[in-house]
Structures are given as C-alpha cells and as structure tokens.
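Let's take a walk through the charged side chains of this protein. Have the sequence and the 3D view ready to follow along.

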Amino acid sequence: MAYEHLDTELVNELLENGRASLRSLAEELDVSVTTVSNHLSDLEAEGVIQGYTPIVDYDAAGYDVTAVMQLKAEGSALSEITSTLRDHAQIVSVYEVTGDYDIIAIGKFEDTDDMNDQIKALITDPDLTRSNTSIVLEAVSENEQFRLETESDD
C-alpha cells in the first residue's frame, strides 16, 4: 500500500472495526505493526481520532424517548447555556446553529415523564427566551460515521 493514503485507510478500517488489533490492521493494510502504531499515534495527537468508544443503543438500555430541543438564548448567555446542556447527562448532542433558534440539543430519556421533568428543569433559565421540543417518532439514521475519501475515490 502507498503510504500517501495510509492514514485515511487506517481510519476507514477502524470505522469498520474499532476493536481491531494493531496486527490485524497491519495485515489488512499490508504494512508493519510499527507503521500502524506510529500512524495511529499521529492521528490521535492531531485529534483526527479522539478516542475509542462503544456505540450505545439507548433504546435497548431503556431510554425509549428521544427529544430534539430548539432553544433561543439571550446573546451573552449562549455559551453558558450550551455548557449547561453539554454537561447534562442525558443530552447527547448540542449544536449552536443559525436560523430562528440558537441551539439544537438532542436528549435521550427513559419515558415522557422523565423527558418532561428534565426539559422543564433545563428551560427554566431566564436567558432562554423561546423553546420548541419535538419527540422523535423513529430514528431512521443515528450515530452514523462515514468513510473518508482518498484522492483515488474521486
């Protein structure tokens, strides 16, 4: 394998199997274990790979309700509100966005009572001027990663 695409191919192999051993990655990519280890260390140091974590099926773990919250914040309070949301255990994604709302937050809850209690506690902040919450009926695609393209893929 040419080394020019090794990092991309290494990331793509890990997307297929995040628990792959260095030896199996080396065999698949036709390079030495040391080469894989060095490139993997570089990708981690550069922040391209930020960790190794399981993908949790929250439904199977008992969190049957997903809510998408749109929040409008007073300008100077935006970072404080996003920080609070980010630190909330059941909020899995927080985005600052353009448009009618400033923040999109996605949360996982055990049931609608749990969702109501937690959302009511979150939106009591006086710096939140407007909110809109939608309950997800069906997760069509979630936690998807995509393969990186190499120049030869174009």
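Here is a short tour of the salt bridges and of a charged patch.

Keep in mind that what you're looking at is a predicted model. Side chains of opposite charge can pair when their charged atoms come close.

Start with K108 and E142, whose side chains meet in a salt bridge at 2.6 Å, N to O. K108 sits in strand β3 and E142 in the segment after β4 (128-135), so this pair ties together parts that are 34 residues apart in sequence. K108 counts as buried because its relative accessibility is 5%, under the 20% cut-off. E142, at 37%, is partly exposed.

Next up, D102 and K72 form a salt bridge at 3.8 Å, N to O. Here too distant parts of the chain are linked: D102 belongs to the loop between β2 (91-96) and β3 (103-109), while K72 is in strand β1 (residues 65-73), 30 residues apart. D102 is buried at 17% relative accessibility, and K72 is partly exposed at 26%.

Now hop over to D87 and R86, where the salt bridge spans 3.7 Å, N to O. D87 is exposed, at 59%, and so is R86, at 55%.

Finally, look at the surface for a patch of negative charge, where D57, D59, D64, E110, D111, D113 and D117 gather. One of them, D117, is found in helix α5 (residues 112-122). With 54% relative accessibility, D117 counts as exposed.

Conventions: Residues numbered from 1 in each chain as written. Predicted model: local features only at pLDDT ≥ 70, side-chain atom pairs only at ≥ 80, totals over all residues. Heavy atoms only, no water. Patch = residues over 30% accessible without salt bridge, like charges linked within 9 Å, V, L, I, M, F, W, Y side chains within 5 Å. Areas by Shrake-Rupley, 256 points an atom, 1.4 Å probe, with all protein chains shown as cover. Salt bridge = Lys/Arg side-chain N within 4 Å of Asp/Glu carboxyl O. Lys, Arg positive; Asp, Glu negative; His and termini not counted. Charge placed at Lys NZ, Arg CZ, Asp CG, Glu CD. Helix = DSSP H or I, 4+ residues; strand = E, 2+ residues; numbered from the N terminus. Buried < 20%, exposed > 50% of the residue type's maximum accessible area, 1.4 Å probe, protein only.
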